[in-house]
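Let's take a walk through this chain together. Have a look at the structure, and then we'll go from its overall layout down to single residues.

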Amino acid sequence: MGVSGEGPRRLEGGQSRCPDCGLPADRVATLEHASVLLEPDMMPLAHTVPADHRWIVLSDGRVALYGVCPPDPSQRCRIEHRLACPARPLPDLWPWLTTRRGENGRQAERRAAPEPPED
Ligand SMILES: [Zn+2]
């Protein structure tokens with residue numbers, strides 16, 4: 001709207017800056033009375049975002065994690081800025097895949113090791 005500058009922080013949040021990269025992001029209240037820093041101007045389809053990272057906007061403007069599986073194919077969501085922040089490492093988005101990679105890494109090491117002598 002016509003508000004300019006840094007006004008008093010509204011209850012539902014507002015434009016904020018990432019403390020790590022300095023880019024603008026949206027500070028939005030969550031159902032749990034805390035708030036999250038969301039990536040602005042971006043609403044990816046929920047099914048393209050890991051379940052633990054989908055925030056959907058509620059009718060009162062607050063956001064909540066959208067853990068419905070499988071998600072509605074047309075549902076859009078918001079993501080936390082930390083996922084897109086250039087100043088922070090990407091968190092582990094797919095823990096089960098990370099586990100699998102670890103298992104495969106150990107398996108590959110075993111294969112590379114010399115075979116134990118057979119009797
Ligand atoms: Zn940032």
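This is a predicted model: local features need pLDDT of at least 70, side-chain atom pairs count only at pLDDT 80 or more; totals for chains, interfaces and linings use all residues.

**From layout to core**

How much of the chain is buried? Of its 119 residues, 13% count as buried. As for who touches whom, take the contacts with a separation of 6 or more: 46% of them are between residues 24 or more positions apart.

Now let's look inside. The largest nonpolar core is made of 10 residues: Ala25, Val28, Val36, Leu37, Leu38, Ala46, Trp55, Val63, Tyr66 and Cys77. Two elements, β2 and β3 (35-38), each give two or more residues to this core. Which of them gives the most? That's β3, with three residues.

Leaving aside residues up to four places away in sequence, Tyr66 touches Ala46, Arg54, Trp55, Ile56, Pro71 and Cys77.

For a contrast, head over to Pro19, in the loop that links β1 (13-17) to β2 (24-29). Is Pro19 buried or exposed? Pro19 counts as exposed because it has 10 C-beta neighbours inside 10 Å, and the cut-off for exposed is 12 or fewer. There's one more thing to spot here: Pro19 and Ala87 are 68 residues apart along the chain, yet their C-alpha atoms are separated by 9.5 Å.

Notes: Residues are numbered from 1 along each chain as its sequence is written. A residue is buried if 20 or more other C-beta atoms lie within 10 Å of its own, exposed if 12 or fewer, and partly exposed in between; C-beta atoms are placed from the backbone. Two residues are in contact if their C-beta atoms, placed from the backbone, lie within 7 Å. Helices (H or I, at least four residues) and strands (E, at least two) are DSSP runs, numbered from the N terminus. A nonpolar core is a set of buried Ala, Val, Leu, Ile, Met, Phe, Trp, Tyr and Cys residues joined through C-beta atoms within 7 Å.
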